[in-house]
Amino acid sequence: MSNMFTWRLHGDGKTLQPGEVIEPNERLTWGRTAGIGAQHVIAMFGATFLVPILTGFDPATTLFFTAMSTALFLLINRNKLPSYLGSSFGFIAPIAAVSAAHKGLAVASFGILITGVALGLIGVLVHYAGSKWIEIIMPPVVNGAIVAIIGFNLAPSVWTNFQKAPDTAAVTLVAVLVIAVLFRGLLGRLNILLGVLVGYLYACVRGQVDFKAVEQAAWIGLPRFHTPQMDFSVILMFLPVVLVLVAENVGHVKSVAQMTGHNYDDQIGTALMADGLGTAIAGFGGGSGTTTYGENIGVMAATKVYSTAAYWCAAGFALILSLCPKFGAIINTIPGGVLGGVTTLLYGMIGMMGVRIWVENHVDFDQPLNIMTAAVTMIIGIADFAFAISGVQFNGIAIGTIVVMVVYHGLKVIGQATGVVPRDLGSAGSATSPASAETPSER
């Protein structure tokens, strides 16, 4: 255990020569390492806080559990795999569905808790059985469709917030878009945070922000915790998020492996276990569910610092901020117009991440199996099909997730039995016969 918390000083700890990187078991001087940790907090800040603001959870409580989850992730992965666990956007839709059913945040917390437990169990299975079965059950056409509908299903809520203050929403959206292409490096990657700040300042000038709660809040205090309330009728709303979290964690592990040149495949199971445990604990205490964050991947790519020591510093900074109620109260003053502007991009980006999964995995939509699977799922999710059976509510995401699994695997079995679908169908949904396979020189 003592060796796990020992990081080798890289060179003089002050400089990084061209082509060099700071490995996970290395660090710069502690001052510089803390500075990198602060960058990680800033990078995840905008997206992490938007989740509780949009769902009604307490921002300080959510930040507290992101710090706890990050620490757990580092411990369970023995400081080998760098990651910050921020709020997952995958939970917004099911929490919104629970709120629409007037069941309350405690019931939503139960859904988050169950999601975390399910993810943790999948992590245990992957750790001992390998991750190949994930690709079989969730090929890219299935995985991409589920991620896509979780984003696009939220479109109506975006319009609701946008209409609250169209001018503020437009200013926020334009700022988020322009900052992304106006600045290079870290500033460009912080376009969500900076865009929200621009929209917030505009809202202040327009008199749309109420600071009464900020004046009454204390400077130091514990976040507002609450325990979950059992309601098994909401489980089907949350289980699709498990598949999204699996995809996000696997993607994170692969991204870090690509950047560092290390093989982290044996960490996939522990990464899933760690995120599952962190999400379950957050659900038990009143925080939103967590996931690995692409924003922090961006910081690592920009700085070439992969030190897990920097992530411990980030977790420490997040914990300190969570213990300032006045800070959380300020976050809660962000008006609906600002949220409408930023979520126009954010929710669309979640949906487009599903499309990106299709593109990056070269999903073959000339195959009727793939195009039909995706088409039916997208309509169900976007239109938000809904019905109830014996008091159990099914929304568009839950129905879409069930349909995509049944349609893909069901039609595949029938098609292969009749010879319409090739038996050598690869994960991308195209035949993988030797004659059609690419050679290295053709890539």
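Trainee: How closely do the axes of helix 12 and helix 19 approach, and at what angle do they cross?

Mentor: Take the distance and the angle together. In this predicted model, the axes of helix 12 and helix 19 (residues 396–418) come within 8 Å and cross at roughly 55 degrees. As for its hand, the crossing of helix 12 and helix 19 is left-handed.

Trainee: Which residues of helix 12 and helix 19 make the contact?

Mentor: Helix 12 brings Leu 236, Met 237, Pro 240 and Leu 243, and helix 19 brings Ile 397, Ala 398 and Thr 401. Sorted by class, the contact of helix 12 with helix 19 has six nonpolar residues, one polar and no charged.

Trainee: At what angle do helix 6 and helix 12 pack?

Mentor: Their angle is about 115 degrees, with the axes of helix 6 and helix 12 10 Å apart. Helix 6 is therefore roughly perpendicular to helix 12. The label needs a cut-off: angles of 65 to 115 degrees count as roughly perpendicular. Where helix 6 passes helix 12, the crossing is left-handed.

Trainee: Which residues of helix 6 and helix 12 meet there?

Mentor: From helix 6 come Asn 143, Ile 146, Val 147 and Ile 150, which meet Pro 240, Leu 243, Val 244 and Ala 247 in helix 12. This contact of helix 6 with helix 12 has seven nonpolar residues, one polar and no charged.

Trainee: Is the crossing of helix 4 and helix 12 left-handed or right-handed?

Mentor: Helix 4 passes helix 12 in a right-handed crossing. The axes of helix 4 (residues 105–129) and helix 12 come within 9 Å and cross at roughly 45 degrees, so helix 4 and helix 12 are oblique to each other.

Trainee: Which residues carry the contact between helix 4 and helix 12?

Mentor: On helix 4 they are Ala 108, Phe 110, Gly 111, Ile 112, Ile 114, Thr 115, Ala 118, Leu 119 and Ile 122. Facing them in helix 12 are Ile 235, Phe 238, Leu 239, Val 241, Val 242, Leu 245, Val 246 and Asn 249. The contact of helix 4 with helix 12 divides into 14 nonpolar residues, three polar and no charged.

Trainee: Now the pockets. How much space lies in the largest pocket?

Mentor: The general idea is that rolling a probe the size of a water molecule over the atoms shows where empty space is left. Here the largest pocket holds about 1,800 Å³ of space. It is lined by 50 residues, and the closest to its centre are Ala 247, Glu 248, Gly 251, Met 353 and Arg 356. Elements that give two or more residues to this lining include helix 1 (30–55), helix 6 (140–152), helix 12 (235–260) and helix 17 (336–360).

Trainee: Which element gives the largest share of that lining?

Mentor: Helix 12 does, with 11 residues of the lining of the largest pocket. By class, this lining has 26 nonpolar, 17 polar and seven charged residues.

Trainee: How much space lies in the second largest pocket, and which residues are closest to its centre?

Mentor: The second largest pocket holds about 530 Å³. Of its 24 lining residues, the closest to the centre are Ala 93, Ala 96, Ala 97, Ala 100 and Asp 384. Among the elements giving two or more residues to the lining are helix 3 (92–100), helix 7 (155–164) and strand 6 (392–394). Helix 3 gives the largest share, seven residues. The lining of the second largest pocket has 15 nonpolar, eight polar and one charged.

How values were computed. Residues numbered from 1 in each chain as written. Predicted model: local features only at pLDDT ≥ 70, side-chain atom pairs only at ≥ 80, totals over all residues. Heavy atoms only, no water. 1 Å grid on protein atoms, 1.4 Å probe; cavity = no way out; pocket = protein on both sides within 12 Å on 5 of 7 lines; lining within 4 Å. Points joined across faces, edges and corners; volume = space filled by probe spheres on them. Helix = DSSP H or I, 4+ residues; strand = E, 2+ residues; numbered from the N terminus. Nonpolar A, V, L, I, M, F, W, Y, C, P; charged D, E, K, R; others polar. Axes fitted to C-alpha atoms, helices over the stretch in contact; angles between N-to-C directions. Parallel < 35°, antiparallel > 145°, perpendicular 65-115°, else oblique. Left-handed = near helix turned anticlockwise from the far one by under 90°. Contact = heavy atoms within 4.5 Å.
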